[in-house]
Amino acid sequence: MTGSQQTARKAVFITGAAAGIGRATALAFARKGFTVGGYDINESGLESLAGEIERVGGRAIVGHLDVTDPDEMAQRVGDFARAAGNRLDILINNAGILRAGRFEELDLPGHLREIDINVKGVVNGLYAAFPYLRDTPGSVVVNLSSASAIYGQVELANYSATKFFVRGITEALDLEWQRHGIRVIAMWPLYVRTGMTANIKTGTTESLGIRLTAEDVAEAIVKATEPSLLRRALHQVHFPVGTQTKALALGSRFSPGWLTRLVNKKLAHS
Ligand SMILES: NC(=O)c1ccc[n+]([C@@H]2O[C@H](COP(=O)([O-])OP(=O)(O)OC[C@H]3O[C@@H](n4cnc5c(N)ncnc54)[C@H](O)[C@@H]3O)[C@@H](O)[C@H]2O)c1
């Protein structure tokens, strides 16, 4: 693809864009004039999103997508990149679900569904988007990991394990895809006030609170896709969001395993 074939607007494809962090991120990129692809299983949420994207200066392309369906993912990503002028500057693998509770008290189909969306959904997105990212200079993948990928979380065992997967695939593809000029990064927010956390109560929501907003994470995502010279030089891959996550991430890097375990046990009131 040549530069002249590409439109001037950059293009961002966001999964799970109808609500929460995905929606706030769609609007943040719209304000910067992007062509914003907002995809979700919640189509009524997308309808109002499209109007909002256009009102703040973006170009909206929205549509149904269940991230667990690889064929639908391939179709949507391809259609979007072509409609955006044969480009895909940013892929944001954001769609996810969270179920809180003791592992054995939550039903097994629910655990497996969480893996399908949070893990297989990300793999489907990465696979479908690769050729378009490779052909767009300076492209970036943003995967939504979580502070729960620092240490396995009580009452979020399965969820937290899905975010370790996201952490791992981000690190590996950051290295693998460097030769294709694709940056791959992960965001690590702690609890964020969205529909996802509206009805959950765990030891750590009690001890740490739910302090971040979807807009805080959206702002951090935009910033991470436009890294400073220092971040570029340091090649930052993981982006903790909020002071609590930064402190926990730093602490776990330098403390011995037994201490990290103890801190997590105390925070979870376990
Ligand atoms: N809220 C938090 O505390 C928090 C913290 C860290 C990381 N995250 C991660 O951020 C991401 C977004 O979370 P959020 O808080 O905005 O959640 P949310 O529940 O507010 O929004 C998630 C969106 O994903 C959509 N979605 C669900 N299943 C889907 C599927 N199969 N296909 C397509 N779309 C689907 C939903 O319809 C919804 O619009 C998730 O990956 C989550 O794990 C959230």
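Colleague: Which residues of α3 are buried?

Modeller: Buried means under 20% relative accessible area, with a 1.4 Å probe and protein chains only. In this predicted model, local features need pLDDT of at least 70, side-chain atom pairs count only at pLDDT 80 or more, and totals for chains, interfaces and linings use all residues. Residues are numbered from 1 along each chain as its sequence is written, and side-chain values use heavy atoms, without hydrogens and water. For α3, the buried residues are E72, M73, V77, G78, F80 and A81. Helices are DSSP runs of H or I with at least four residues, strands are runs of E with at least two, and both are numbered from the N terminus.

Colleague: What covers the buried residues of α3?

Modeller: The cover includes β1 (11-15), β2 (35-40), β3 (59-64) and α4 (108-134).

Colleague: How is a pair of aromatic rings described?

Modeller: The distance of the centres and the angle of the planes describe it. Rings of Phe, Tyr and Trp (its six-membered ring) pair if their centres lie within 6.5 Å; planes under 30 degrees apart count as stacked, over 60 as edge-to-face and the rest as tilted. By this rule there are five aromatic pairs. The ring centres of F13 and Y39 are 4.4 Å apart with planes at 15°, so this pair is stacked. Because F13 lies in strand β1 and Y39 in strand β2, the pair ties together parts 26 residues apart in sequence.

Colleague: Why is the pair of Y39 and F80 edge-to-face?

Modeller: Their ring centres are 6.4 Å apart and their planes stand at 85°, so the pair is edge-to-face. Y39 in strand β2 and F80 in helix α3 are 41 residues apart. F13, Y39 and F80 form one aromatic cluster.

Key: Buried < 20%, exposed > 50% of the residue type's maximum accessible area, 1.4 Å probe, protein only. Contact = heavy atoms within 4.5 Å.
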